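Okay, thanks for coming, everyone. Let me put the model up and then talk you through a few parts of it.

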Amino acid sequence: MEKFAYIFLDIEWNQLIDQEENSVREPVQIGIIGTNEKLEEKKRFSRFIRIKDVKALSPDTRKTAHVTPALLKEAKSETVVYHRVSCLFPQYQYVVVWTEDAYDIFAEGMNRSNIRMPEHKVVVLQDIVSLIAAEKEKRISFEAALMKAGVSFQPKRLHYAKYDAQYLCQLYKKLYEKYADRTRGQKCILNQNTGILHTAGCKYIKKNHTNFAEAEKILIFHGYRPCLYCRGKGGWKVFRWKTSARRKTAEQQKKSRMPENKMDFRTLSLTEKNIYLICRQFHLNCHISDGVVFIRAPFSAWRIYLDHQKVSKVYHENYRGKRTGAGRQNKWSEGFHKQTMNSRNFYDVVRYIYYHEKNFMEKTNRAKQIDELLDGIRKDT
């Protein structure tokens with residue numbers, strides 16, 4: 001089987017305004033560039049993908065992804081296209097995408113098509129750019145990143161998957177080479193069990209522990225991620241890209257002076273500082289340890305497990321769980337159940353916890369009021 005070190009993947013999908021979080025996101029275009037370890041292109045592939053109901057193609061998708069119902073009617077189904085992908089790219093070490101959504105849609109489609117993907121690491125380039133270049137780790141658009149990095153592109157070809165995959169490959173290569181050059185000789189600490197990277201002096205490094213080993217900082221380009229505490233300290237940043245390239249209008253300046261909207265918190269990078277900030281917005285106490293956020297709410301405890309910049313799973317303490325000793329459970333999982341969530345965004349999950357606790361409190365208060373009322377009636381009778 002032909003082996004590739006990297007595949008650079010771009011997917012455009014049908015984006016519906018009222019689409020539910022757990023509904024199927026249907027791809028309409030796919031573009032892939034396969035390279036060797038030296039990032040030399042070896043193979044390319046692109047296709048339009050037919051969706052189940054062509055009439056459901058949104059106007060926004062038609063405009064941004066350059067697709068029409070007529071094009072999709074002639075296209076192959078998702079299963080046929082993905083089987084072709086698995087034949088052309090049977091083995092690869094890294095899948096490089098711009099956003100995690102693109103990878104999720106690809107992986108979901110491969111799973112629906114009953115195709116087993118080879119063992120690999122995922123590299124989300126937007127997260128890396130936010131870490132090493134963007135001011136205050138703000139999200140930067142794909143087009144802005146290409147401009148800042150000096151990658152030549154044609155604006156009219158953006159959001160064509162086959163061209164975006166090429167631009168993504170060029171952007172990764174340029175940033176990889178520059179970052180490797182500027183961090184040469186700089187070391188970080190790798191937790192070999194978790195794959196999490198730490199800068200020297202991080203409070204989560206356990207001295208003389210066999211799990212920790214010295215490593216190069218360039219590992220962030222190979223699917224390894226810095227710990228939440230480290231990424232907020234600026235030790236990974238080597239570029240200084242301003243995310244606001246254009247001069248602000250009077251209206252934009254007025255808006256920037258207004259109090260920050262709560263919805264802005266959804267786009268914050270999940271540094272340790274930002275996690276505490278989000279929890280404080282909902283008056284919730286939390287502490288963080290090895291990728292897990294522990295929240296102590298008024299009625300129960302919660303555990304939020306993080307994977308990169310997304311929530312992987314949430315556990316909720318049983319309200320009537322029995323405790324032992326000084327209020328602790330005998331086992332790590334005892335007294336907790338897995339909570340089903342419709343979003344992997346950390347802000348959404350914390351907001352859910354806030355309203356979940358608030359609703360429980362209101363129900364408890366109502367029940368207490370009813371009990372007091374009944375007690376009063378019994379006394380009167």
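So, accessible areas here come from the Shrake-Rupley method with a 1.4 Å probe, and for residues, only the protein chains shown count as cover. On that basis the protein exposes about 22,300 Å², with carbon and sulfur atoms supplying 48% of it.

Quick housekeeping. This is a predicted model, where local features need pLDDT of at least 70, side-chain atom pairs count only at pLDDT 80 or more, and totals for chains, interfaces and linings use all residues. Residues are numbered from 1 along each chain as its sequence is written, and side-chain values use heavy atoms, with hydrogens and water left out.

The protein has 11 helices and 14 strands; those are DSSP runs numbered from the N terminus, helices being H or I with at least four residues and strands E with at least two. Of its 381 residues, 43% are buried, meaning under 20% relative accessible area with a 1.4 Å probe, protein chains only (exposed is over 50%, partly exposed in between).

What is the strand order? It's an open one of five strands, running 3-2-1-4-5 with mixed pairing. Strand 3 (41–48) and strand 5 (121–124) are the edges, each with a single partner strand, so one side of each has no neighbour in the sheet. On average, neighbouring strands are turned by 20° against each other, direction ignored. Axes, by the way, are lines fitted to C-alpha atoms, for helices over the stretch in contact, and angles run from 0 to 180 degrees between N-to-C directions.

Strand 1 (residues 3–13) and strand 4 (residues 91–97) pair in the parallel sense over five bridges; pairing takes at least two DSSP bridges. One of the partners to look for is glutamine 91 in strand 4, bridged to lysine 3. Helix 3 (residues 78–88) packs on this sheet, touching strand 1, strand 2 (27–35) and strand 3, and its direction makes about 175° with that of strand 3. Contact means heavy atoms within 4.5 Å. Helix 5 (residues 125–132) packs there too, touching strand 4 and strand 5, at about 55° to the direction of strand 5.

Last stop: alanine 161, in helix 7. Buried or exposed? Buried, because its relative accessibility is 0%. Beyond neighbours within four places in sequence, alanine 161 contacts Asp10, Glu12, Gln29, Ile30 and Gly31. Alanine 161 and glutamine 29 are 132 residues apart in sequence, yet 5.9 Å apart C-alpha to C-alpha.
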